[in-house]
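I opened the model to look up a few side-chain contacts, the packing of helices and some backbone angles. My entries follow in the order in which I made them.

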Amino acid sequence: MTFLCSAVCRVFVVADLAPLDTKVEALRLGGGDKMKFCKRYAEYMRGRREKELPALGLKQLKKTLKRCRREFQSHHQKQDGGGGSKFVGNCAVCDGTFFPSLLEQMSAVVVCFNQHAQKLLKLHLASGFGKFSMWLRGKSPKNDGTLIQEGRDLVAYAIINSIAMRKILKKYDKVHCSKQGQAFRSKASSMRIEILQSPWLCELLAFCINLRQSKLKNKAITELYNDCSLTFDDDGKPTLSCGLFDSMQIVIDLTCSICLDTIFDPVALTCGHLFCYMCCCAAASVTIVDGLKAADPKAKCPLCRQEGVNAGAMHLVELNILLSQSCPEYWEKRCQTERVERVRQAREHWQSLCREFMGM
């Protein structure tokens with residue numbers, strides 16, 4: 001299975017051509033080929049029970065769909081003597097329980113993933129004083145191998161829950177002969193509960209590559225995450241990829257859709273799209289001095305046109321480190337170019353403040 005998470009969002013699901021952030025080609029999560037996904041998912045989550053990670057109640061959701069189908073068939077058999085009526089459109093039986101339940105469960109999964117990823121990366125990026133402070137509080141910093149393994153587990157957790165949501169929504173559409181499940185996916189994307197849109201996923205992949213490259217002499221650490229890589233095509237465009245579960249892969253395009261170049265000083269908006277920080281500020285009509293938090297609340301994402309996505313923007317520190325080390329010549333050139341623009345904007349900002357103070 002290949003997931004394509006693009007900073008420019010040119011992605012479709014192969015099965016139904018619905019615009020999404022992921023591209024799905026196949027499914028194989030290990031184990032016997034005949035084992036159903038629901039059972040594999042249950043086994044996977046049981047193995048993480050000690051970490052108290054929330055999961056989707058696939059079994060209960062499938063029972064809701066089966067009960068709905070039975071009630072519909074029973075109702076129409078009484079009306080038309082066993083005719084072959086099809087269930088089309090909305091369903092009062094399912095819609096009152098199915099979608100609210102799925103929404104609540106997926107929200108819990110995304111919140112948990114973001115919190116765990118943020119905590120893990122905070123440990124990695126902690127300064128010497130920060131690590132000493134943790135040691136004083138009795139929280140000894142984890143070794144690099146443990147950090148990478150936890151990062152890998154979190155990435156796998158994100159992927160398998162994303163697959164689970166898509167499968168249960170596809171089941172809903174099949175039972176009801178509708179497109180309500182597809183519409184819910186779009187709603188989940190706009191509500192930011194599509195886990196593969198989380199910028200923390202990109203940060204985790206960059207974190208694992210950074211840690212692996214800094215510990216090349218440690219063969220155990222290198223092999224632990226050798227299926228995650230940053231590659232450049234013939235035009236020099238970078239992609240971040242990670243293979244999991246034998247045939248499953250995430251691919252993230254690291255091209256800014258504004259300047260059409262490798263993202264520099266990367267920032268992720270709350271809708272999940274990635275841009276250069278300066279490009280994003282220019283699109284939001286704010287200076288880099290004021291920052292994206294000063295943008296108009298109605299300002300839209302340059303790509304998906306969602307409103308209110310700038311206030312919660314986050315800098316991708318791990319990705320910034322990875323790209324600066326992987327393409328140093330390009331990075332130095334962009335640094336020189338942007339340094340001039342940043343100085344100009346800072347000068348204009350302070351001149352404006354001085355004029356206001358002097359009443360001019």
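**Entry 1: a buried arginine**

The model is predicted, so I noted its limits: local features need pLDDT of at least 70, side-chain atom pairs count only at pLDDT 80 or more, and totals for chains, interfaces and linings use all residues. Residues are numbered from 1 along each chain as its sequence is written, and side-chain values use heavy atoms, with hydrogens and water left out.

R166 is in helix α6; helices (H or I, at least four residues) and strands (E, at least two) are DSSP runs, numbered from the N terminus. R166 has 8% relative accessibility and therefore counts as buried. My cut-offs were under 20% relative accessible area for buried, over 50% for exposed and partly exposed in between (1.4 Å probe, protein chains only).

I then found S162, also in α6. The side chain of S162 makes a polar contact with that of R166 at 2.6 Å. S162 is buried, at 0% relative accessible area.

**Entry 2: the chain and its core**

I counted twelve helices and seven strands in the protein chain. Of its 360 residues, 43% count as buried.

I looked next at the largest nonpolar core, which has 92 residues. Such a core is a set of buried Ala, Val, Leu, Ile, Met, Phe, Trp, Tyr and Cys residues joined through side-chain atoms within 4.5 Å. F98 and L254 touch the most other members. Helix α6 (residues 144–176) gives the most to this core, with 16 residues. Leaving out residues up to four places away in sequence, I found F98 touching L61, T64, L65, I168, L169 and Y172; contact means heavy atoms within 4.5 Å.

**Entry 3: α4 against α11**

At what angle do α4 and α11 pack? Helix α4 (residues 98–125) and helix α11 (residues 317–326) pack at about 50 degrees, with their axes 11 Å apart. The two are therefore oblique to each other. In α4, L121, H124 and L125 meet V317, E318 and I321 of α11. I sorted the residues of this contact into four nonpolar, one polar and one charged.

**Entry 4: two positive phi values**

Most residues other than glycine have a negative phi. I noted C177, not a glycine, with a positive phi of about 50 degrees. C177 lies in the loop between α6 and α7 (180–190) and is partly exposed at 39% relative accessible area.

S285, also not a glycine, has a positive phi of about 60 degrees. I placed S285 in the loop between α10 (277–283) and β7 (314–315). S285 is exposed, with a relative accessible area of 67%.

**Entry 5: C335**

I located C335 in helix α12 (residues 328–358). At 24% relative accessibility, C335 counts as partly exposed.

Technical notes:
Axes are lines fitted to C-alpha atoms, for helices over the stretch in contact, and angles run from 0 to 180 degrees between N-to-C directions. Angles under 35 degrees count as roughly parallel, over 145 as roughly antiparallel, 65 to 115 as roughly perpendicular and the rest as oblique. Ala, Val, Leu, Ile, Met, Phe, Trp, Tyr, Cys and Pro count as nonpolar, Asp, Glu, Lys and Arg as charged, and the others, Gly among them, as polar. A polar contact is a pair of N or O atoms within 3.5 Å; within protein, one must be able to donate a hydrogen and the other to accept it, and residues adjacent in sequence count only if both atoms are side-chain atoms.
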